[in-house]
Amino acid sequence: MSRASTAPVAPPVAPPKEGVPVQGGVGTSALRPDGVPKVKGEFAYSSDMWDEHMLWGATVRSPHPHACIVSIDITDALKHPGVHAVLTHEDVAGRKTFGLERPDQPVLASERVRYRGEPIALVAAAHPETARRAAEAVHIDYEVLQPVTDPEVALDAATVALHPSGNVVRHIHIAHGEPDPEADVVAEATYEVGMQDQAFLGPESGLAVPDGSGGVDLYVSTQWLHVDREQLAASLALAPEEVRITLAGVGGAFGAREDLSIQIHSCMLALTTNRPVKMMYSREESFYGHVHRHPARLNYIHGATTSGELVFVKARLVFDGGAYASSSTAVCANAATLCCGPYEVPNALIDCYAVYTNNPPCGAMRGFGAVQACFAYESQMDLLAAKLAMDPVELRLRNAASTGTVTPTGQKIEGPAPVAELLTRVRDAPLPPPGSPGTPDIRELPGGVSNATHGEAVRRGIGHAAGYKNICYSEGFDDYATARVRLSAPAGEPVVEVHTAAAEVGQGVATIQLQIARTELGVEAAVLRPADTSIGSSGSSSASRQTWMTGGAVKTACEAVRERVLSTAAEVLGAEPGELYLSNGLVMSLELGAVYSLAELLGDTVVEATREYRHAPTSPLDANGQGNAHAGFAFAAHRAVVDVDVELGLVKVVDIATAQDVGMALNPQAVEGQIEGGIAQGIGLALMEEVQVIDGVIRNPSFTDYLIPTSLDMPPVHADVLELGDPGSPYGVKGVGEPPVISSTPAVVAAVRAATGRALRRIPMRPDDVAGLTDRSPAGEAPREPR
Amino acid sequence: MQLNLEVNGQVLQADDVWAGESLLYVLRERLGCPGSKNACEQGECGSCSVYLDGTLVCSCLVLAAQAEGRAVVTVEGLAGAGLLHPVQEAFLAAGAVQCGFCTPGLIVATHDLIARNPAPSDPEIREALAGNLCRCTGYVKILDAVRLAAEKAATS
Ligand code: FES
Ligand code: FES
């Protein structure tokens, strides 16, 4: 990657002032603390949890997307040799339901099931196969009901209500600017997004260990320990301190571990049997066991002047939330508030709905509502450019948001918003060489070694897109993170110990915390305690927020520790604390240089501080969707170059160029890793990834049939990382994880459109769509002419 | 049934094995070698890759009984205790590890690739690792790691 800094990092980096920077501090590509165990196979993932006396749990799930439960008979299951417990809703000691935002989902269904795969009963047995067979021996009688699987039907007042509150999980209305503005040119189309799966590799799993006095310890992979604990305590009827959760190794998350999976179930089984209980989903069960990215239908009308200034955006967005609320309300808010894109849009009229259906529940996935909207608004920008006979990048540049832009919710963008620069950079990035004519290497062609083509019908296309994402939690949520930092010198060397509950899910927040501690205290030896619930909450590893939030908490706690150390040193020396700083294990004086070794100064004392960090408050949206709902924004742009076999509809992504403002790259290698990994998921959504749900049933719950990009599908990535510094965050950081997945998808689609001349209004684009065998564009717009 | 097999040079025994158990399950749950991973258990992801008598296999697709009397090498056995194999070092240095769930399988597969082909070209690397899914990295740094490991092997 090339790194560019076109403006200074806004907040000055706090002391240590001068002196040699500590090894592995902020701004370096410090190695991950969990790297060595991970490459040696010694890192303990949640699926590796083991106890000599443990039992295995299994889940009985509904085969119907919508049904009434007439009876549940567990007699035969209990008779299986080796079975220790079979539990139903009757055994839920506390609150019978759970949920991230509203507890609308039964822990175990009692009267009605609302999606295929809904848990109804649990089994614990000595061997996992015994547990599975006993699960099959739980007899359930159903009265099968007609499933509601079309969100538009669900919205119809005449349709049966799937929940007492009705079928609308949330409706957001945004009215901004003039109610009826006039435009010279109008572009209208409807877009569809299929259901994407997070497809983390580490299955849902964990080990629940009863403590013998009614409480339980749970070792689990999750994104937010404390919100898990809240829900667990309520449903287990235990006090929060009786439920202790430790983060076990997490094999990827991407949003899919925000909701509970095995947590309550494994604890119920452990408390009943008084034995440790391990639960682990198979890949098939995993497709039923976590929420997915919302499928969406997005109708847009863009109006512009003849010279290409946006006049208005009108949109109606419908998100299929599936059977339970999960985080649909927040996804709906993101989609609605970000749905005009990173552009100056003076007038906007938006209605965004999240609805209940009998499809699998949908919730968080990386990009969280911004992904679906970006595909649609960027497709609209291309459509509008075609109508205006303008270059699509030129149209975007003309309308690009910048610092001070007011979004459709009336919020002024305070930090850097370098949309024009990002777009220019990707547009001007060097292009890959043209596909080799003559005797091409078939491995470089669409279809690869399947030998589908020798290049006859292969056309190249280039597409661009920009996008943006809110960082941290929004709409007035009390978003905070907690950190405890301890400085001591146990063996004559200073050591800093950091303790938070932040979930390391692969993204690198463990590394970042240690880097911050090293820099702030000038101590290289930094260790991280396991994340658990014995410390205050860090909030979720979501919304690209952990570097900002938990990073901010670690930094603040380090500052408190440093202040105490320096004031002690100042007292001893008769100096002013302001004249002293810490560097590489030494107490330094501005005047005299090294005055103390930190270890000597500390002696046997332990200096410890616990601090909470909060970002600036946000506010809820009013009835017209107005409000400063977001704490900050991150921006990225992508250019995709594709080769398309226009006869077979096969696509090879040749190259991706991206530019992204990350505020400050605390760990440049980890930043690149987030960018590259996010782009892979964006390419997946554009070209292959869809949970196919027919009549409420997932038809492809396996990696055989749900395809994610392999090493053959992933192009080289040229990342241009800008570090413009956000004024509101520690070190000026912005979240990194989500923007790469947002605008990469529409860039690929635009490139395929350019190669084929087809409208391609639905993602993922299937070979039939690309080859023109289906016209899946829901709107009546004629496909665009090839460029 | 009882099973005897050699794992990373040690002869190990597992008792009461159910006939339906895979080699992966026995390694992970009975023999204390959870390094090989279980992302799909149907031969699609490569996270369970091990050597069986020197051949790279998906251990989830091998019945444990088929491994009776044979030699298995897992990611845990590529380097001595406290040591790193150059392939492992390369994955660390290149930043090819995020959540790391794919890493054990990729390291064994890369080990095998470089043994067969000490200087693999880019398309050869991509082809050889196409059976190992990674959801975090987008493969860019994994390819870097393989190139780095091949260079290290060539110069050592
Ligand atoms: S677990 Fe064996 S290939 Fe996926
Ligand atoms: S690093 Fe997470 S799957 Fe590869």
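How far apart are the centres of domain 2 and domain 3 of chain A, taken over C-alpha atoms? The separation is 36 Å. This is a predicted model, in which local features need pLDDT of at least 70, side-chain atom pairs count only at pLDDT 80 or more, and totals for chains, interfaces and linings use all residues. Residues are numbered from 1 along each chain as its sequence is written, and chains are lettered from A in the order in which they are written.

**Domains of chain A**
- The domain assignment (bounds from an automatic or database source) gives domain 1 (2-30 + 480-614), domain 2 (46-145 + 204-280) and domain 3 (292-474 + 620-770).
- Contact (C-beta atoms, placed from the backbone, within 7 Å) joins 17 residues of domain 2 to 20 residues of domain 3.

**Contact between chains A and B**
- Chain A contributes 47 residues and chain B 43 residues.
- On the side of chain A that touches chain B, helix 15 (668-687) gives the most, with seven residues.

**Helix 3 of chain B**
- Helices are DSSP runs (H or I, at least four residues), and strands are E runs of at least two, numbered from the N terminus.
- Eleven of the 14 residues are buried (20 or more other C-beta atoms within 10 Å of the residue's own, placed from the backbone), among them Leu106(B), Ile107(B) and His111(B).
- The cover over these buried residues includes helix 1 (35-40) of chain A and helix 5 (140-155) of chain B.

Note on methods. Buried ≥ 20, exposed ≤ 12 C-beta atoms within 10 Å, placed from the backbone. Contact = placed C-beta atoms within 7 Å.
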